[in-house]
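This note concerns the aromatic rings of the model shown here. Please read the points with the structure open.

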Amino acid sequence: MIRSPFRLTLALCLTTLLHAQNLKDFEKRVTEFTLDNGMHFIVLERHDAPVVSFHAHVDVGGVNDPGGQTGMAHMFEHMIGKGTATVGTKNWPEEEKALKAVETAYDRVEELQRRKPAADPAALEQSQAALKAAIERANSLVEPNAYVRVIEENGAVGFNAGTGPDSTVYFYSLPANRTELWYLLASDWIRRPIYREFYKERDVVREERRMRVESSPQGKLMEAMMTTAFAALPYRTLIGWASDIERLRAKDADAFHRKYYVPGNITIAIAGDIDPAEAKRLAAKYFASIPAGPLPEGIQTVEPKQEGEKRAAVETAAQPFLLIGYQRPSQRDKDDAVFDVLAAILSSGRTGLLYKELVRDKKISLGADVAASFPGSKYSSEFVMISVPGVGHTVEENEKAIYEIIERLQKEKVDEETLARVKTKVRASVIRQLASNSGLASQMASFHVNYGNWRVLFTGIDDIAKVTADDVLRVAREYLKPATRTVAFTVAPKTEPMGEQK
C-alpha cells in the first residue's frame, strides 16, 4: 500500500520502535529550539552508535513553482551538490565574474527572442554563440564533484536530496566526530547557493522528464490524472512542463531561493550521537547570522468542489493501467486518519480487498494498490486506487470490480477483526523504515512542518486507534462518490484500416 506520507508512516509503530517508551520518556531525549532568525531545530539524542543523521526540511515543493517556471523547486535538489563559494571552484573571484557574464549573455538572447518583428537571425545567432561561450567559460572554473567528495571523504553516507509536491529535503549522516562539518557546509549553502552548472543541470532535469513522463506510459497517465483532477490547485505536473524547464534561469532560481529558503521556512532535525548543548552551540555559530526574512505565503487557492466525474485517456501500446481518484481534504482534516485506515483496508498486501478480489479471486488484475493522498497532502488531494489489468482483461473490467468493492464499503461496516488486523499489519510493515537515525530525523522534521508538532508521532497512534467501523463507513459514503471521481486509464492506439491495394 502507498500510504499518506506522514501520520501512518510512523505513528503506528513508535511504541515498538522505542521499546514501549511513552511520550514523556521520549521527550527527555529530544531538545527543541528556534534561532532568532526563525530556523527551527529538533535534536534527538541517541548514543547507540557514533553516527549523527541530519535532515533539512524546506517547506517548499513543486506546488510552489512560480507560473511559467514549473520545475524550479526541483532544480535546488540538483544545486546542493554543486557546492559553495569555497567548495567546488577553481577560482571563485573569476568564476563569480563568469557566472554574471552568463546571465548577461542570456538576457541578451532573451531580449532578441522577444522582439517583434523577429530579431535579425544573424544577431540572434551571434548572441547564442556568445551565451554558449560564456557558459563554457564558467564551467571551466568548476571543480567537479568537490562538495560531495569533501562530505564523503569525511565518512558521510546517504548524501541525497528529494523534491516532492509539498517539500524539498536534504539529508545525510556523518561520524559523530565530523558533526561540525555539516553545520559549516549546510549553513554556507543555505545562506548562498552557487548556481554553478545551472544550465547543465537544467538539461538533466529535462531528461528526467523525458524518462519519467514522456517515455513512461505510467508517468503520462499520472500526469493526465493530475491535470484532469485539479482545476485550480497547482498539483498538475510530476516534474514540470517541458517548455518551462527549458527556459528556467539561474537569476530566477536566486529569486526563488530568497523567497522560500528563509530560515523560518526551514526545519532541521538531527538524530544520533550528539550532545544537545553542542548541537545548539553549533547552530548559533553557523546559522544564527543568516538574515531572517518574511515567511512565504502558502497557496491560497482552494480547489473547488468537484460536481461531476472526470475522465482522461492516454493512448499507449504498453501494459494497460487504471487510476481511480476521489477528491479528499488535506492532511490537517479530522478524517485524515480514517483515510489512512480505509487505504489499508483496500490495500495491505495479500489481505487487502483489492488484492483478494481483483488479483486472487477474479484474476483480472496483475496488481492493485492505493495512495491515501496523491500527489501531495498539504492541500486537498486525491484518494487514488490503482490497478494493472491482467493479460486478456480490460480496464473496464477492473473499474467495474473496484466500484463493486466501494459500494460494499458504503453499505456494510468493516468487521472489527479486519480493523484490528489492518492496524497490526501497518505497525509491522513500517518498523524497518524507522530503526535508523536518518529515518527518525526525517519523520520528526516532516511531522513538525506538516502537523505543527513532532509529537504527533505519538498522538497519531491514538488517532489511528480511535478510527471505528462507523468512521470508515461514513468516509466511504461521503467521499467515494461518482461526482467527486476522476478516472485516468490507458487505451490502445487506434489503427487506421489499410486501404485497398491498387
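1. Ring pairs join Phe 76, Tyr 106, Tyr 170, Trp 189, Tyr 195, Phe 198, Tyr 199, Phe 256, Tyr 260 and Tyr 261 into a cluster. Rings of Phe, Tyr and Trp (its six-membered ring) count as a pair if their centres lie within 6.5 Å; planes under 30 degrees apart are stacked, over 60 edge-to-face, and the rest tilted.

2. The model is predicted: local features need pLDDT of at least 70 and side-chain atom pairs count only at pLDDT 80 or more, while totals for chains, interfaces and linings use all residues. Residues are numbered from 1 along each chain as its sequence is written, and side-chain values use heavy atoms, with hydrogens and water left out.

3. Searching the whole structure gives 25 aromatic pairs. One of them, Phe 54 with Tyr 183, is edge-to-face, at 6.3 Å centre to centre and 85° between the planes. Phe 54 belongs to strand β3 (residues 51–58) and Tyr 183 to helix α8 (residues 179–191), so the pair ties together parts 129 residues apart in sequence. Helices (H or I, at least four residues) and strands (E, at least two) are DSSP runs, numbered from the N terminus.

4. Phe 54 is buried, at 1% relative accessible area, and Tyr 183 is buried at 0%. Buried means under 20% relative accessible area (1.4 Å probe, protein chains only), exposed over 50%, and partly exposed in between.

5. Tyr 195 and Phe 198 form an edge-to-face pair, 6.3 Å centre to centre with 80° between the planes. Both Tyr 195 and Phe 198 are buried.
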